[in-house]
Every structure is written in structure tokens, then in C-alpha cells.
Amino acid sequence: MDTQQLMDEGRTRWDGAKAITLTLLRIVSGLILFQAGAMKHFGWLGGMPAGRVLEPWSQTWVGGWIEVIGGALLMVGLFTRPVAFILSGMMAVAYFQFHQPQGTWPGQNQGTPAVMLCFACLHICAMGAGPWSLDAMFGRRRMP
């Protein structure tokens, strides 16, 4: 077996794993973001501190709705690339606005989740939703 055949065999073996791991990354990232927004708006999982109500159209209120809607769309894989791009940008802003002023490094300023979600969403934006998504399902219908 020559080098090219070995490379092709290795690629084929890992193609299924790529589809599964991309799908899992998309769904889990969407779920984490959805939960963060649901905590802010619906009081789920402990919610906002007692007595605190989000002021409509405040930055946290808008961010919470972006997390709820964007997270749900990401989980099902609908409009995945633009949604992931928006979520990635939102997490970058969250890191630099809220975490980075508390210290230089993510481990120091509790910004590790924001950094990881930023880059996970950026990766999802680049790769697309994967084969197990509404984007893929609707895309197949349009093909002859």
C-alpha cells in the first residue's frame, strides 16, 4: 500500500467521527448558550439573583435573547453559519467587556467559558452545521 492509499483510508475512517463530533459540538454549544439566556429571562437553573429584573433593551436583556434564540437555532442546526458568527462575536464582546478587565488571563478572570464558546462558535461558523441538521435537511431538498 502506498502513502496516498494510507492517507485516503485514514481520511475515510475519520469522516464519520468528524460528522458526529461537529454535531455534538454544535448541539452542546447551543445548549450551553440557551441555558445561559434561559437563566436570565425565565429564571431557569437558579436564574438571576433574587429581586433582580432585567431592564428591557439593556445589554444583558438583549444578550440573553441572543443566547436563547441563537442557542436554540444552533442546537437544531438552522441558519447555523450566521447564527454561530453572531454568537462568536457576542462571546468575544462578553470576554473583553466583562472578564478581561478582571485580569489578563482567562483562568485568572473566570473568562474560560466565554473564550471556549467564542472559538467553538467560530469553528462551527467555518465548518457549517454538519450532516445532522435542519440546514442539511433543507439543503438536500433543493438539490436535483
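A residue counts as exposed when its relative accessible area is over 50%, and as buried when that area is under 20%. This is a predicted model, and the tour below applies those cut-offs at several stops.

**Stop 1: Ala126.** Select Ala126, which sits in helix H5. Its relative accessible area is 54%, so Ala126 is exposed.

Stop 2: Select Cys118 and Cys121. How many disulfides does the structure hold? The count is 0. For Cys118, the nearest cysteine sulfur is that of Cys121, 7.7 Å away. Likewise, Cys121 is in no disulfide, and its nearest cysteine sulfur is that of Cys118. A pair of sulfur atoms would have to be within 2.5 Å to count as a disulfide. Are these cysteines buried or exposed? Cys118 has 10% relative accessibility and therefore counts as buried. Cys121 is also buried, at 0%.

Then centre on Met91. Which residues does Met91 contact, leaving aside its neighbours within four places in sequence? They are Leu33, Ala114, Leu117 and Cys118. Cys118 was part of the cysteine stop, where it counted as buried.

**Stop 3: a nonpolar patch on the surface.** Switch to a surface view and select Met39, Phe42, Trp44 and Leu45. Together they make a nonpolar surface patch of about 410 Å². Leu45 belongs to the loop between helix H1 (3-42) and helix H2 (59-76). With a relative accessible area of 62%, Leu45 is over the 50% cut-off and so is exposed.

**Stop 4: Val76.** Finish at Val76, in helix H2. Its relative accessibility is 41%, so Val76 counts as partly exposed. Not counting residues up to four places away in sequence, Val76 touches Arg26, Ser133 and Leu134.

Key:
Residues numbered from 1 in each chain as written. Predicted model: local features only at pLDDT ≥ 70, side-chain atom pairs only at ≥ 80, totals over all residues. Heavy atoms only, no water. Buried < 20%, exposed > 50% of the residue type's maximum accessible area, 1.4 Å probe, protein only. Patch = residues over 30% accessible without salt bridge, like charges linked within 9 Å, V, L, I, M, F, W, Y side chains within 5 Å. Areas by Shrake-Rupley, 256 points an atom, 1.4 Å probe, with all protein chains shown as cover. Salt bridge = Lys/Arg side-chain N within 4 Å of Asp/Glu carboxyl O. Helix = DSSP H or I, 4+ residues; strand = E, 2+ residues; numbered from the N terminus. Contact = heavy atoms within 4.5 Å.
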